[in-house]
Amino acid sequence: MELGSLKYVSASDGMMEEDEAAASQLHHAFTKSFHVVNGGAGGNGGAGNGAAPPGIAPATSVHELLECPVCTNSMYPPIHQCHNGHTLCSTCKARVHNRCPTCRQELGDIRCLALEKVAESLELPCKYHPLGCSEIFPYYSKLKHEAQCNFRPYSCPYAGSECAVVGDIPSLVAHLGEDHKVDMHTGCTFNHRYVKSNPREVENATWMLTVFHCFGHYFCLHFEAFQLGMAPVYMAFLRFMGDENEARNYSYSLEVGGYDRKLTWEGTPRSIRDSHRKVRDSHDGLIIQRNMALFFSGGDRKELKLRVTGRIWKEQRPGPDPGAAARAQPS
Ligand SMILES: [Zn+2]
Ligand SMILES: [Zn+2]
Ligand SMILES: [Zn+2]
Ligand SMILES: [Zn+2]
């Protein structure tokens, strides 16, 4: 996939006349200001070393002009500039204590309307283009799309730590096994024992994750203890490693019991797009009160011993799932 095959509307092709004028003005301002910077920085890369044309570090495209020179993120209105024309994004402006990071002059409160207008005329490919998204958006709606783009990478589904790893499903499966030492199973049924020696201690950090591979997909089985109101509870639920639309093609059941009693749960796995915490806080899974958990554990109530069995199966669901709204807000 080549970015070159997509059409960037740049300053040199397809921009409307008035914007072209604005862009050329901007270009001029930038060339000039880069000159000042290079001169002020003691000839670094400027006229002194002879490697580059004297003082010229021109921005080569409007796209580059719209990159904040401080944080390199794309700039969105309000775009700010100093008295010398150095631009910066509003996030950076809030951080620099009214000093232009480029020339150290007082920043003031000047908006760069020309650049904002130029941005409006741009159409850019989704930033997940290299991952397969072929959509093109006006500059200002690109961010909104990217937050929801189906090709955006998934976050690591491992709970209990602030893991920042993102990626596609195969790379996350490998990451879970290698870096988090998660148990991997093949098959659509499971039979797990969870044992904890002091069940009276319930810390939020008590949880387990197992990954199942079936129907050509991966599923995360979570088991954890947490405090629900005043009472400690145990909870088990399944998440689908893929997007929500595909998750709806599957159902799962969980069962826990002992001594002629049992609790069962049947549901649709949630996508790992929904965070572990979000699923937990919506109680979308099998919840076992502590007293019941201790009863199922038998013995002297000193040890938690739960056997959780379950199954995943494929549904033949026609069209959109009418239960989706209800599932998002379980009562
Ligand atoms: Zn910035
Ligand atoms: Zn400046
Ligand atoms: Zn996209
Ligand atoms: Zn991780």
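Colleague: In S15, which residue is the bridge partner of Phe240?
Modeller: This is a predicted model, and in it Phe240 has Ser271 of S15 as its bridge partner. The strands concerned are S12 and S15 (residues 270-271), which run parallel and are joined by two bridges.

Colleague: And how many bridges join S12 to S16, and in which sense do they run, parallel or antiparallel?
Modeller: S12 and S16 run antiparallel, with four bridges joining them. Within that pairing, Ala236 stands opposite Leu286 in S16.

Colleague: What about S11 and S12, how many bridges there?
Modeller: Strand S11, which spans residues 217-228, is joined to S12 by 10 bridges, and the two run antiparallel. One of the pairs to look at is Gln227, whose bridge partner in S12 is Pro232.

Colleague: How many residues lie between S11 and S12 in the hairpin?
Modeller: There are two residues between S11 and S12 in that hairpin, and Gly229, in the turn, has a positive phi of about 65°.

Colleague: Is S12 mostly covered or mostly uncovered?
Modeller: S12 is mostly covered, in that seven of its 10 residues are buried.

Colleague: Switching to helices, which residues of H9 are buried?
Modeller: In helix H9, which comprises residues 290-297, the buried ones are Ala293, Leu294, Phe296 and Ser297. These residues cover an arc of only 160° around the axis, so they are on the same side of H9.

Colleague: And what covers the buried residues of H9?
Modeller: The cover includes strand S12 (231-240) and strand S13 (250-258), along with strand S16 (286-289) and strand S17 (304-314).

Colleague: What follows H9?
Modeller: H9 is followed by Gly298, which has a positive phi, near 70°.

Colleague: Now H4, which of its residues are buried?
Modeller: For helix H4, residues 113-120, they are Leu115, Val118 and Ala119. Looking down the axis of H4, one finds its buried residues within an arc of 100°, and they therefore line one face of the helix.

Colleague: One more topic: what is the strand order in the open sheet of three strands?
Modeller: The order is S2-S1-S3, and the pairing is antiparallel. Strand S2 (87-88) and strand S3 (110-111) stand at the edges with a single partner strand each, so each has one side left without a neighbour in the sheet.

Colleague: Which residue of S3 is the bridge partner of His80?
Modeller: The bridge partner of His80 in S3 is Arg111, and strand S1 (residues 80-81) pairs with S3 over two bridges in the antiparallel sense.

How values were computed: Residues are numbered from 1 along each chain as its sequence is written. Chains are lettered from A and ligands numbered from 1 in the order in which they are written. This is a predicted model: local features need pLDDT of at least 70, side-chain atom pairs count only at pLDDT 80 or more; totals for chains, interfaces and linings use all residues. A residue is buried if 20 or more other C-beta atoms lie within 10 Å of its own, exposed if 12 or fewer, and partly exposed in between; C-beta atoms are placed from the backbone. The arc is that of the directions from the helix axis to the C-beta atoms. Two residues are in contact if their C-beta atoms, placed from the backbone, lie within 7 Å. Two strands pair if DSSP finds at least two bridges between them.
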